[in-house]
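Here's a walk through some packing, pairing and backbone details of one protein model. Have the viewer open while you read.

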Amino acid sequence: MVAIVVAEKPSAARNMASALGGTKGSYKGTAYEVATLRGHLYEFAQPHAMVDPSLADGYQKWDLGNLPWNPQDLSWKREPQKNVADVIKTLRAALGRGDEIVIATDLDPSGEGDLLFWEAIDELGFHGKRFSRMEFTDESKVSIQKAFEQRRPVKSMQDEGDYRKAMYRSQWDFLSMQFTRIASVLARQSGQDLVLRQGRLKSAMVSLVGDQQKAYDAYVKKPYFQNRFRDENDVMYTNPDEPRFDQKGQVPQQYGPSPVVLDSKAGKKTAPPKLLDLASLSSMLVGKGVKANLTLSTYQKMYEDQVVSYPRTEDKTITPEQFKDLAPLVDRIAAVVGVDAGLLTHRQPRSTHVKPQGAHGANRPGPKVPSSLDEVEHKYGKAGRLIYEMLAKNYLAMLAEDYLYEQQKGHLEKYPDFVGIANVPKSPGWRAVFDPDASDDTAESDENESGKGLGQTAEPFVFEGANKRPEHPTMKWLMKQLEKHDVGTGATRTSTYSEVTNDKAKYPLLTEKGRKLRLAQAGEMSWRLLPGTRIGNLGLTEKVYADMRDIAAGTATAEERLAVVAGWVREDIATMTKNAASMRAELGLKEQVVAARAEGVWQAAPGGPKKVAFKKIWSGHEFSDDEVAKLLAGETISFEASKADKPFTATGALGVGDFKGRKFVGFQLEVPDKPTKWSGRTFTPAEVAGLLAGQTLEIDDFVSSRTGKTFGCKVSWDAKAKKIVPDFGSGDAPPRSWCQHVFTQQERDDLAAGKTIQGKGFVSSRGKTFDAAVAWREEGGKKKIVLSFG
């Protein structure tokens, strides 16, 4: 019997092989072979490919009338991801050699590891095999070996709660594409050709940033003035009941100096900060000029080289085994990042940071310790250097002592209602190793921290304060809000954030300027469409997670919980339509009339008659009812149309077109079988015959549609593409004309011989006429006309 151990990814497969003694062999009497996935090998097909062909048109078109979808219509068909054919082929062969298939994917709380395993088994058709599950807290050798020895028998895919809940979440997110279609259709009806992504996490980000941006922009400073005291050590004394005044001159001068009375002294301590996840790490690096997408890509490379730990972890602690694995490397890591190993005196696991539960553990340095930060930067760039330094210092801080300080409390002898607090540092502890706010100039410091403690005497003064301005949204602020509302994992938040802030994307939702975060154009529209919607509710993810727990426990089914999505889609169509009217008013947009569509049965459709819908307007011409009938009957029609404000006669029929890889039915312009005219010139019968025979013709009197100027060039006929192909002299022979000057044959001969000629009547792109000496020379590996300056 051979057990095929299926890991989630190549790096995990290497760890499995290392723990068991190789990629294949025998471990304690059980023959095994290690195989690997590469994350999700399959993804859901497009919705129109999942339904009966008679329904496909409605599931493909972005039209509110086609929503909501019926989940029961969907087959949940999958198709392979890009560039995984070799992985699938190797996996299929390995599974075929096994008697038992061992699930050795990650034990994610979301069940994602089970989902990507079972979808591969499902697509490859290996349900008849014997299955078991390895359950490990991490990928250490001991954990893997123990999990292999104690693997749990598995009956079937549907018996696994982790698979059921992960499949439900995946299906829910697929159905959420409907909310994107609603928002995008309404944006287009408002004259904006945008795609507004409305996933659970994207919508949460837009809602949070939009609301905070509004509060920040609407802030109006309201100053106030109040009596307070300050001692010689700069400690402030306040009375919470002391009245506030609008003007400084209104504050009564009723106090004099007073001795300070020390009420208490107490030793206090602060434990090291928690270990980082990708969201926290990326938030810190943004303050140092490193974009989230660069953090992700650089971290991935460093992980593959084992310089840092697994990136997409959901853990915020590490296991005792993981702590033990890094313990011998601590001093070397400290030397790399310039931390005094003498500060790392707390070498025992902290219960706040080290727990027996977990899988990959929090983000931290990996087992391969570089020789220096310079080595890291040389291999991974500045971003790599910052990543390693930040991760290492954060991890090492856990091994330092607590930050200790003495808290002194006191009051004023003459005015006992005025009290002051001074936090006096005693021992920096972990703060000498890692300062989480070092890169954030917006971080709030301890206003009570004092190097000297309470003073002896306090003097009165008029304090000027103001209502606090809401914090400007930043990545750090946003990630804290998402964590607070339990929306997404650290890695998912970071990757989604990278996507929605990508300034190279066609429709970014958010923009970053330094640390500051604002809504982009698409985000602005999305935010205005979201109020009151289901998809914009921050509690939605909590609802999905609750459903996942019930489905995993067997107290609910995915079909039951997915059935409610249709009702939510109907609600959000109504809510977003109402919000769209307000959005247009607030943004000064006008409602656009959606282009009319013609419908009917296309008799000449490929594969037989088919019900279709197509645009009723083409290049400014609206098809009459008679023209629609002829098109549906498969006839060719002609009509007057216009392009770039220039009229022309269009001839064509109904056909299947392609726009950016998307097939559609619509009017298709008839392509001539032979050349007739090009650039304002009609070819003579002899020229047509020559072009059809494959000849290249030199013609001097073409007319530019842009400038109206006459020009000359060589032309030939591409029979396959059915179009004229011009040649402006990019070969070895000089062109027929340049800058609207037509060269004589003698001038072309002289140019070809390498001579410089004096030409007259050249016209620049700005319309200026000039005379110049020109030559035919090679520049940049290509011959062209150049001005000659002797």
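## Ground rules

This is a predicted model, so local features need pLDDT of at least 70 and side-chain atom pairs count only at pLDDT 80 or more, while totals for chains, interfaces and linings use all residues. Residues are numbered from 1 along each chain as its sequence is written, and side-chain values use heavy atoms, with hydrogens and water left out.

Helices (H or I, at least four residues) and strands (E, at least two) are DSSP runs numbered from the N terminus.

## Around strand E3

Start with strand E3, residues 30–36, where five of the seven residues are buried. Buried here means under 20% relative accessible area, exposed means over 50%, and partly exposed is in between, with a 1.4 Å probe and protein chains only.

E3 has two partners, and strands count as paired if DSSP finds at least two bridges between them. Strand E1 (residues 2–7) pairs with E3 in the parallel sense over six bridges, with Ile4 opposite Glu33. Strand E2 (residues 24–27) runs antiparallel to E3, joined by four bridges, and here Lys24 is the residue opposite Glu33. The hairpin of E2 and E3 has two residues between the strands, and Lys28 takes a positive phi near 50° there.

## H3 against H4

Two packed helices are described by the angle between their axes and the distance between the axes. For helix H3 (residues 85–96) and helix H4 (residues 112–124), the angle is about 80° and the axes are 11 Å apart. Axes are lines fitted to C-alpha atoms, for helices over the stretch in contact, and angles run from 0 to 180 degrees between N-to-C directions. H3 and H4 are therefore roughly perpendicular, the label for 65 to 115 degrees (under 35 is roughly parallel, over 145 roughly antiparallel, and the rest oblique).

Which residues in H3 and H4 meet? Ile88, Leu91, Arg92 and Leu95 in H3 meet Ala120, Ile121 and Leu124 in H4, where contact means heavy atoms within 4.5 Å. By class, that contact has six nonpolar, no polar and one charged residues. Ala, Val, Leu, Ile, Met, Phe, Trp, Tyr, Cys and Pro count as nonpolar, Asp, Glu, Lys and Arg as charged, and the others, Gly among them, as polar.

## H19 and its neighbours

Helix H19 spans residues 565–587, and its buried residues include Trp568, Asp572, Met576, Asn579 and Arg584. The buried residues of H19 pack against H6 (161–175), H7 (177–189), H16 (521–529), H17 (540–553) and H18 (558–562). Gly588 follows H19, with a positive phi near 70°.

## A three-stranded sheet

Further along sits an open sheet in the order E26-E27-E28, with antiparallel pairing. Its edge strands are E26 (697–703) and E28 (723–727), each pairing on one side only. The twist averages 50° from one strand to the next.

E26 and E27 (residues 710–718) are joined by five bridges, and Val703 stands opposite Thr710. Helix H21 (residues 685–692) packs on this sheet, touching E26, E27 and E28, and its direction makes about 50° with that of E27.

## Aromatic rings

The whole structure has 26 aromatic pairs. Rings of Phe, Tyr and Trp (its six-membered ring) pair if their centres lie within 6.5 Å; planes under 30 degrees apart are stacked, over 60 edge-to-face, and the rest tilted. Phe461 and Phe463 are edge-to-face, at 6.5 Å centre to centre and 80° between the planes. Phe463 counts as buried at 18% relative accessibility.

Trp618 and Phe639 have ring centres 6.0 Å apart and planes at 85°, so this pair is edge-to-face too. Trp618 lies in strand E19 (residues 617–618) and Phe639 in strand E21 (residues 637–643), so the pair ties together parts that are 21 residues apart in sequence. Phe639 is buried at 5%. Elsewhere, Phe44, Tyr59, Trp69, Trp76 and Phe174 form one aromatic cluster.

Most residues other than glycine have a negative phi, and most peptide bonds are trans. The Leu67 to Pro68 bond is cis, with omega near 0°, and Pro68 lies in the loop between H2 (56–60) and E5 (78–80).

Asn83 has a positive phi of about 60°; the residue is in the loop between E5 and H3 and counts as exposed at 70% relative accessibility. Gln306 has a positive phi near 65°, sits in the loop between H10 (292–304) and H11 (320–326), and is partly exposed at 31%.
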